[in-house]
Amino acid sequence: MAYRWKNTLTRADATPYEEYVNRRQLMGGAIGLGLVGAAGMARAEDEALVPNSWDDITQYNNFYEFGTGKGDPAKNAHMLTTEPWTVVIDGMVDAPGDYSMAQIMETMTIEERIYRLRCVEAWSMVVPWNGFELADLLNLAGVQGGAKYVAFETALRKDEMPGTRYPVIDWPYVEGLRLDEAMHPLTIMATGIYGKPIPNQNGAPMRLVVPWKYGFKSIKSIVRITLTDQEPPTAWNKALGHEYGFYSNVNPNVDHPRWSQATERVVGGGLFAGRQDTLMFNGYEDEVASLYEGMDLRENF
Ligand code: MTE
């Protein structure tokens, strides 16, 4: 990729957190008074990408290794030991081996990315992540010519992850990307939120973030990254293949078999500002549509 992606708005030049919250309430109030339409509200928020609060982001989670309730990860994830942490990078790379988290943090350049997060369950947030481009880590390991895909695996520790004692999915949680998706400058490994180390419930010490795909592609607490020439299996595709495909790009025109994907509930959005239209590729169409040129996105869901 020839360019490094830039945030349209960074937290440094934005209003402080308290003002975000007040502004959100003000805008919500305007909706209540009928001053602007719901679509106008959605657009205004999109343009500014107002991040959700620390509490929204860290108390309302999906991390089934710690339970299937939205509050379970916040309650249970403290049990996970994240230091020391080692990530195995193997498969079709020049320098396969164990990469310590300390070594990764020393080598990578951490920056802030304020991204939309759209869950396949039709809720959304905006998260100010801190992290580095996955491409930088893959280049450190040296991707070999024949590699076409990247496979990811979450830690599996039955003693530290109470949810894994139940066969909810076929543990460990696994995910995958096509190599060009993995190397895209929007794709990051997040190691922080709001400038603080990433909480365990959000995938400490390192989780994937692919903002144009449904949230389940953004696999947490990664222990293995494998470069391969075969499309890797993914946890939700193995569990319910007709509902969750390999690509899982956010697409308001292709519904989930059991619900519409046309709109989403904004977590923390309040009573009147609670729903907005879902955007193609979650609003990142300009950046990523070219990756899927000529592909039938209904077939490759
Ligand atoms: N990664 C693992 N290992 N286990 C999970 O259950 N849930 C996914 C994804 N990554 C999940 C996971 C889903 S469905 C979503 S929507 C996001 O994490 C939620 O990320 P958040 O809790 O940081 O908002």
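This is a predicted model: local features need pLDDT of at least 70, side-chain atom pairs count only at pLDDT 80 or more; totals for chains, interfaces and linings use all residues.
In strand β2, Y99 is the bridge partner of V87.

Strand β1 (residues 86–91) and β2 run antiparallel and are joined by four bridges. Both belong to an open sheet of five strands with mixed pairing, in the order β2-β1-β10-β5-β6. The edges are formed by β2 (97–100) and β6 (174–178); each has a single partner strand, so one side of each is left without a neighbour in the sheet. On average, neighbouring strands of this sheet are turned by 20° against each other, direction ignored. Helix α6 (residues 134–141) packs on the sheet, where the helix touches β1, β2, β5 (149–154) and β10 (222–228). The direction of α6 makes about 65° with that of β10.

**The chain as a whole**

The secondary structure of the protein chain comes to nine helices and 12 strands. Of its 301 residues, 54% count as buried. Among contacts between residues at least 6 apart in sequence, 71% join residues at least 24 apart.

**The two pockets**

Rolling a probe the size of a water molecule over the atoms shows where empty space is left. The largest pocket holds about 500 Å³ of space. Its lining has 29 residues, and those nearest the centre are N62, C119, Y173, G215 and F216. Strand β4 (residues 123–133) gives the largest share of this lining, four residues.

The second largest pocket holds about 290 Å³ of space. It is lined by 17 residues, of which T82, E83, M101, M105 and P205 are the closest to its centre. Three elements, α5 (101–107), β7 (188–193) and β8 (196–197), each supply at least two residues of the lining of this second pocket. The largest share, three residues, comes from α5.

Notes:
Residues are numbered from 1 along each chain as its sequence is written. Side-chain values use heavy atoms; hydrogens and water are left out. On a 1 Å grid over the protein atoms alone, a cavity is a set of points where a 1.4 Å probe fits but cannot get out, and a pocket is an open set with protein on both sides within 12 Å along at least five of seven lines; lining residues have an atom within 4 Å of a point. Grid points are joined across faces, edges and corners, and a volume is the space filled by probe spheres set on the points. Two strands pair if DSSP finds at least two bridges between them. Axes are lines fitted to C-alpha atoms, for helices over the stretch in contact, and angles run from 0 to 180 degrees between N-to-C directions. Contact means heavy atoms within 4.5 Å. Buried means under 20% relative accessible area, exposed over 50%, partly exposed in between (1.4 Å probe, protein chains only).
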